[in-house]
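Please open the structure in your viewer and keep the selection panel at hand. The tour goes from one selection to the next.

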Amino acid sequence: MITKLTEFNHVLLKAYIKKGMTILDATLGNGYDTAFVRECLGESGQVIAMDVNEAAVIKAQEAWLTCKNVRCVHDGHEHVDEYVKEDTLDVAIYNLGYLPGSDKCLTTRLNTTLESLEKTMRLLKVGGVISMTFYVGHSQGKEEYDYIMPFLKQLPPKQYHVLLCQYANQSANAPTSVWIEKKS
Ligand code: SAH
């Protein structure tokens, strides 16, 4: 049974990911998404995982030390274009907000999230997808959602498909995901 939106996202990702793909985890955190997509890829392709939280990156670097196709980067995802070449990206995952139990100051923020999203949309191959999950229960998360959703809603349907995944019967603070597919 799928009870969590992040699990639902993994079902979509698993159906989409093929061997050899290049995948960005834009918010590494505890590394659950990185581990999941690495499992989908196996030895092929590449995962680039970014975070501004140095401790999280060091922990992930140690965990993936012997793994050739996972690169953990201590940098903000707004600099994604320094690590990923144009037209090479198949999938990008943003699990926004802050790491539970960690420093809340290290939350994602509208300006840098938007800068990163715009860059990722350019780096993405045609047919590539972006999964973005918003947490509106805190002020920065609400700000991201309130600005980025209208931006996504006005994207030309010939260029992007934007699918919205939302709980219909939970509190207004429940997370929301979007699945963005580049059509042309
Ligand atoms: N996907 C993670 C959860 C991510 S929580 C998991 O599976 O555990 C959000 C993460 O985004 C936090 O670790 C936070 O440090 C990170 N973050 C905040 N601002 C960022 C930025 N500008 N660039 C990259 N990561 C950022």
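This is a predicted model: local features need pLDDT of at least 70, side-chain atom pairs count only at pLDDT 80 or more; totals for chains, interfaces and linings use all residues.

**Stop 1: the ligand.** Select the ligand and look at the space around it. That space is the largest pocket. Now show the residues that surround the ligand: there are 21 of them, and the closest are T27, N30, D33, D51 and H77. Colour this shell by residue type, and it divides into 11 polar, seven nonpolar and three charged residues.

Stop 2: Select N30 and display its backbone. One of its polar backbone atoms is 2.9 Å from an oxygen atom of the ligand. Next, select D51, where a polar side-chain atom lies 2.6 Å from a ligand oxygen atom. How much of the ligand does the protein bury? Taken alone, the ligand exposes 590 Å², and the protein buries 95% of that.

**Stop 3: the cysteines.** Leave the ligand and select the cysteines. How many disulfides does the structure hold? The number is zero. Start with C40, which is in no disulfide; its nearest cysteine sulfur belongs to C67 and is 13 Å away. C40 is also buried, at a relative accessible area of 16%.

Move on to C72. A disulfide needs the two sulfur atoms within 2.5 Å. C72 counts as buried too, with 11% relative accessibility.

How values were computed. Residues are numbered from 1 along each chain as its sequence is written. Side-chain values use heavy atoms; hydrogens and water are left out. A residue is near a molecule or strand if one of its heavy atoms lies within 4 Å of it. A polar contact is a pair of N or O atoms within 3.5 Å; within protein, one must be able to donate a hydrogen and the other to accept it, and residues adjacent in sequence count only if both atoms are side-chain atoms. Accessible areas come from the Shrake-Rupley method with a 1.4 Å probe; for residues, only the protein chains shown count as cover. On a 1 Å grid over the protein atoms alone, a cavity is a set of points where a 1.4 Å probe fits but cannot get out, and a pocket is an open set with protein on both sides within 12 Å along at least five of seven lines; lining residues have an atom within 4 Å of a point. A molecule sits in a cavity or pocket if more than half of its atoms lie within 2 Å of its grid points. Ala, Val, Leu, Ile, Met, Phe, Trp, Tyr, Cys and Pro count as nonpolar, Asp, Glu, Lys and Arg as charged, and the others, Gly among them, as polar. Buried means under 20% relative accessible area, exposed over 50%, partly exposed in between (1.4 Å probe, protein chains only).
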